[in-house]
Amino acid sequence: MTRLSLERVGFVYPDGTRALEAVDLDVETGASVAIIGQNGSGKSTLVRHLDGLLRPTEGRVLHDGADTTRLRTAAMASVVGIAFQDPGRQIFSRRIRDEVAFGPRILGRSPQRVAASVAAALELVGLTDVADQNPYDSGYSRRKLLALASVYAMETPVVVLDEPTTGQDARGVARVAALVATSIAAGRTVIAISHDMRFVAETFARVVVMHRGRIVLDGSPADVFAEDAWPTLASTFIEAPLPARLGARLGLGSTPTERAFVDAVAARHGP
Amino acid sequence: MLRLAAVSYRYPGYATPVLHDVTLELAPGHIVGVVGANESGKSTLCLVASGLAPGSIGGELTSGTVDIDGSPTTGRPLHELATHVGIGFQNPATQLSGVSGSVFEEVALGPMDLGLPARETVARTKAALATLGIEELAERAPRRLSGGQGQLVVLASLLAMRSPYLVLDEPTAQLDPEGTRLVGEALRRLAGTGTGLLITEHKTDLLADICDRLVVIDGGRLVAEGPAEEILSEPALEGHGVEPPTAVRLERALVERGLDPELIRG
């Protein structure tokens with residue numbers, strides 16, 4: 001059980017670049033949250049505060065209501081697992097299986113439990129058949145899935161995925177969505193950064209929109225992609241997904257997903 | 001014309017080829033999109049089309065030839081080849097030089113390597129940054145950029161080289177929707193000036209907007225080729241692991257439910 005809170009968090013990089021400003025965010029245990037916003041809006045900086053990789057220059061980060069200032073990053077990382085945007089930054093093993101096993105092993109899990117979580121994680125992302133290959137015999141998209149599996153296998157209460165669908169084909173995106181759903185079903189919290197609006201609208205219950213280091217929208221996909229939110233989305237150069245735009249044009253209300261749109265059309269025009 | 005004629009390619013250390021008998025042509029001013037599932041051979045095709053494979057990374061063409069404007073690419077020095085065809089990798093971290101203190105210097109590296117006068121180098125660098133709308137990144141440290149910003153800087157570096165042909169492996173993978181739109185427009189403009197572009201992408205919505213032709217690869221073989229619109233509405237596309245554009249999916253979903261697909265047109 002871990003509730004995450006950011007209280008008036010600000011962050012300035014050593015070169016003077018301000019990345020976060022007065023960010024307030026509460027994420028309940030078991031929530032699924034997507035963070036969207038243009039490149040450079042502070043999304044990756046924000047999530048790096050959750051596991052202590054970055055420490056706020058203003059404000060506080062809390063785990064279950066307790067200030068994390070005195071917690072070591074290692075302690076925070078056993079609660080929050082992050083899969084980075086660039087899989088090359090985290091992959092170092094010579095075998096896919098060993099890469100996935102590394103995390104749970106350093107968390108001190110029993111060999112049986114490590115084996116079970118590795119098998120489950122590999123299965124989920126479709127890498128079981130290549131488990132004994134070198135990660136670098138695979139292309140970028142597969143290494144990305146490997147990085148996701150490695151974080152999933154740590155079974156941390158909170159899983160953070162930075163642009164998990166980058167470079168994935170349709171099957172890969174479906175696998176990432178399954179990884180999110182399975183984590184949520186297991187009672188874990190999932191926070192993902194994404195530019196893929198279809199993936200966001202279909203996979204997450206809550207969407208947080210960032211612009212220049214601030215949170216400018218926070219709600220369900222239907223709220224965030226509703227017509228009255230479009231001006232705010234446009235200020236951070238995001239366009240609502242096509243089904244949402246079509247739904248608004250046809251006066252069907254907020255239809256952020258293809259299914260919601262087709263259902264709304266059927267409700268009005270169906271036989 | 002950049003032309004692959006019946007090309008098969010084998011990576012070093014592997015017994016069998018991963019590209020089989022691929023034939024395709026890229027004319028100046030055209031944009032050809034390459035779609036296919038992951039691990040289908042798209043990135044390999046990019047390496048081969050740009051001459052980096054086998055030129056730099058080894059392996060061999062077990063059949064066929066790659067030529068640019070009539071001259072085969074095999075055996076040519078890479079610095080000479082680079083003036084004819086540029087390649088943008090999927091992951092900007094692979095491509096950024098790591099030696100530049102600022103984005104401006106990074107983008108200027110290519111023209112400087114070509115031995116261009118300083119004035120021309122600066123002009124090209126400024127123009128490339130402006131084309132992609134990233135002038136404000138000029139003084140930033142390349143290693144401090146986000147993935148998407150890095151991808152735009154890599155593209156700017158390629159634009160500054162002004163090669164007649166560009167091969168881009170998922171140029172918008174890490175970009176936000178606005179960045180994707182900007183890159184799409186920039187590529188269209190670039191094609192308008194006569195550059196030939198070969199682009200792999202999963203974003204079929206983008207390809208539908210910018211490509212003249214599309215090829216589909218599956219298992220290292222070219223399995224379909226034709227006008228972009230035709231290929232993207234081809235029912236067999238999904239069987240090759242490629243997602244149809246959103247509009248095509250919505251129309252199909254409406255038809256399946258007995259609803260009028262005309263609703264979403266116009």
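## Positive phi in chain B

B:Asp21 sits in strand 2 (residues 19-26) of chain B. Strands are DSSP E runs of at least two residues and helices are H or I runs of at least four, numbered from the N terminus. Phi of B:Asp21 is near 55 degrees, a positive value in a residue other than glycine. B:Asp21 is partly exposed, with 16 C-beta neighbours inside 10 Å. Buried means 20 or more other C-beta atoms within 10 Å, exposed 12 or fewer, and partly exposed in between, with C-beta atoms placed from the backbone.

## Model and numbering

This is a predicted model: local features need pLDDT of at least 70, side-chain atom pairs count only at pLDDT 80 or more, and totals for chains, interfaces and linings use all residues. Residues are numbered from 1 along each chain as its sequence is written, while chains are lettered from A and ligands numbered from 1 in the order in which they are written.

## Positive phi in chain A

A:Arg212 has phi near 45 degrees, positive in a residue other than glycine. A:Arg212 belongs to the loop between strand 9 (206-211) and strand 10 (214-219) of chain A. A:Arg212 is partly exposed, with 16 other C-beta atoms within 10 Å.

## A cis proline

B:Ala53 and B:Pro54 are joined by a cis peptide bond, with omega about 0 degrees. B:Pro54 lies in helix 2 (residues 52-55) of chain B.

## A helix pair in chain B

Which residues of helix 5 of chain B meet helix 6 of chain B? They are B:Phe104, B:Val107, B:Ala108, B:Pro111 and B:Met112. Contact requires C-beta atoms, placed from the backbone, within 7 Å.

Key
Contact = placed C-beta atoms within 7 Å.
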